[in-house]
Amino acid sequence: KRHMFWETQPVGQYKDMENMDLLPEGVIEPPQDVSQVRQEPYNLPSSYEWCTCDVNSNETMKEIYNLLTNNYVEDDDNMFRFDYSVEFLRWALKPPGYYSDWHIGVRVKGSKKLVAFITGVPAHIRVRDKVVVMTEINFLCVHKKLRSKRLAPVLIKEVTRRVHLQNIWQAAYTAGVVLPTPIATCQYWHRSLNPKKLIEVGFSRLGARLTMSRTIKLYRLPEEPATQGFRAMESRDVPAVTRLLQEYLMQFAVAPYFTDNDVEHWLLPVENVVDSFVVENPSSHEITDFCSFYTLPSTVIGNEHYSVLKAAYSYYNVATSTPLLQLMNDTLIVAKQKDYDVFNALDIMQNESFLKELKFGPGDGHLHYYLYNYRIKGPLKPSELGLVLL
Ligand SMILES: COc1cccc(CC(=N)NC(=O)c2cccnc2OC2CCNCC2)c1
């Protein structure tokens, strides 16, 4: 497939794949001087204009929410569409050191209607033995009525330009589609928590030799976590969780580099956005394990009984004394207690070690990871990836 836009970008090109192993890992294009970066925004089709979206404005957040909930990513069968909440988007877009002009919108000149969006947030990402300041690109969305006007490449060039102006030259992003060139291709898995609803909305199908009552029984979970000392994470746990997580993530080829500040933002519980738990040893009071998931509901498109699928997405998990299998089962138990319908996970990090045993089923799609302007001998196995993007 020809990628007229991506073949012009500093990303791994398909044609490089033959002598991939000859090219060195690292920066593809050296950084320019910031004074050399284009000062003016890229051109939009005449009836559209750029805007910087103020994520502190409730009105603007409502516009972003409405654009995404009606026009963002759907599953392959167009039965579900991501339904990121306002509080989730605020959390995702305001990490330590964020730049408000990396929250980029496109409006119709007359009506001021928001019709497209793309975002970047700064992150320290380690690639093998190098920590690189990058931007994590997300929420690229063009209104359904404006598709194939080639707006996406302009949005990508504009966010790249604004990132370059801050002297940042690398990026990380994920997509359900294959572009030049994935650093890793991951499979997603789902664990039913409310099988009756999942079958009703068409997310799951009744097993050939299973009745509904046997299916409900199959996925039943205990009322309470099994692990002694399992509790919600609190502010006082930040230093211990940072140490635990930093140490754990070192085993992966690509992973975030989290400071206490980052852990405080990304991993402290925020209701209906992110839940995190620690295991505190009852006698030593040492924090020995950590697990977390984020909340990303999906709109159920066109079901007469349900309009929303309540989904939890596995985030970062570290098991140093509790078996990972038991820690993740406790996570499922808590997700069920909080009335989630399904728990999703990618086959990254050590997730493969628990997926089948905890009754996850494989999803029908893949999530591809990409780096911009950074070459890595790959592709990596999913188990070499320690980075979760929202
Ligand atoms: C169930 O509702 C859906 C609504 C839209 C798309 C999909 C399928 C899909 N594309 N799923 C994933 O990308 C996915 C599956 C498991 C874990 N994380 C995931 O994506 C995350 C990370 C990338 N940005 C979106 C959320 C499902």
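Biologist: Which residue just after helix 8 takes a positive phi?

Modeller: Asp339 does, with a phi of about 70°. This is a predicted model: local features need pLDDT of at least 70, side-chain atom pairs count only at pLDDT 80 or more, and totals for chains, interfaces and linings use all residues. Residues are numbered from 1 along each chain as its sequence is written, and side-chain values use heavy atoms, with hydrogens and water left out. Helices (H or I, at least four residues) and strands (E, at least two) are DSSP runs, numbered from the N terminus.

Biologist: What does helix 8 reach from its first C-alpha to its last?

Modeller: Helix 8, residues 324-337, reaches 20 Å with its 14 residues. That is close to the 20 Å expected at 1.5 Å a residue, where the expected span is 1.5 Å times one less than the number of residues.

Biologist: And which residues of helix 8 are buried?

Modeller: The buried residues include Leu324, Leu327, Met328, Asp330 and Thr331. Buried means under 20% relative accessible area, exposed over 50%, and partly exposed in between (1.4 Å probe, protein chains only).

Biologist: Why is helix 6 described as largely enclosed?

Modeller: Nine of its twelve residues are buried, so helix 6 is largely enclosed by the rest of the structure. Among the buried ones are Val238, Leu244, Gln246 and Tyr248. Helix 6 reaches 16 Å from its first C-alpha to its last, close to the 16 Å expected.

Biologist: Where is Arg236, and is this residue buried or exposed?

Modeller: Arg236 sits in the loop between strand 9 (230-232) and helix 6 (238-249). Arg236 counts as exposed because its relative accessibility is 55%. Its C-alpha is separated by 37 Å from that of Pro195, 41 residues apart along the chain.

Biologist: Turning to the ligand, how many residues surround it?

Modeller: There are 18 residues around the ligand, and the closest are Phe80, Tyr188, Ser298, Leu389 and Leu390. A residue is near a molecule or strand if one of its heavy atoms lies within 4 Å of it. The protein covers 91% of the 590 Å² of accessible area that the ligand has on its own; accessible areas come from the Shrake-Rupley method with a 1.4 Å probe, and for residues only the protein chains shown count as cover.

Biologist: Which N or O atoms of Ser298 and Leu390 lie by the ligand?

Modeller: In Ser298, a side-chain N or O atom is 2.8 Å from an oxygen atom of the ligand. In Leu390, a backbone N or O atom lies 3.2 Å from a ligand nitrogen atom.

Biologist: Now, where does Gln9 lie, and which side chain does it contact?

Modeller: Gln9 lies in the segment before strand 1 (26-27), and its side chain makes a polar contact of 3.0 Å with that of Thr8. A polar contact is a pair of N or O atoms within 3.5 Å; within protein, one must be able to donate a hydrogen and the other to accept it, and residues adjacent in sequence count only if both atoms are side-chain atoms. Gln9 counts as buried because its relative accessibility is 13%.

Biologist: Which peptide bond is cis?

Modeller: The bond from Gly378 to Pro379 is cis, with omega near -5°. Pro379 is found in the segment after strand 19 (374-375).
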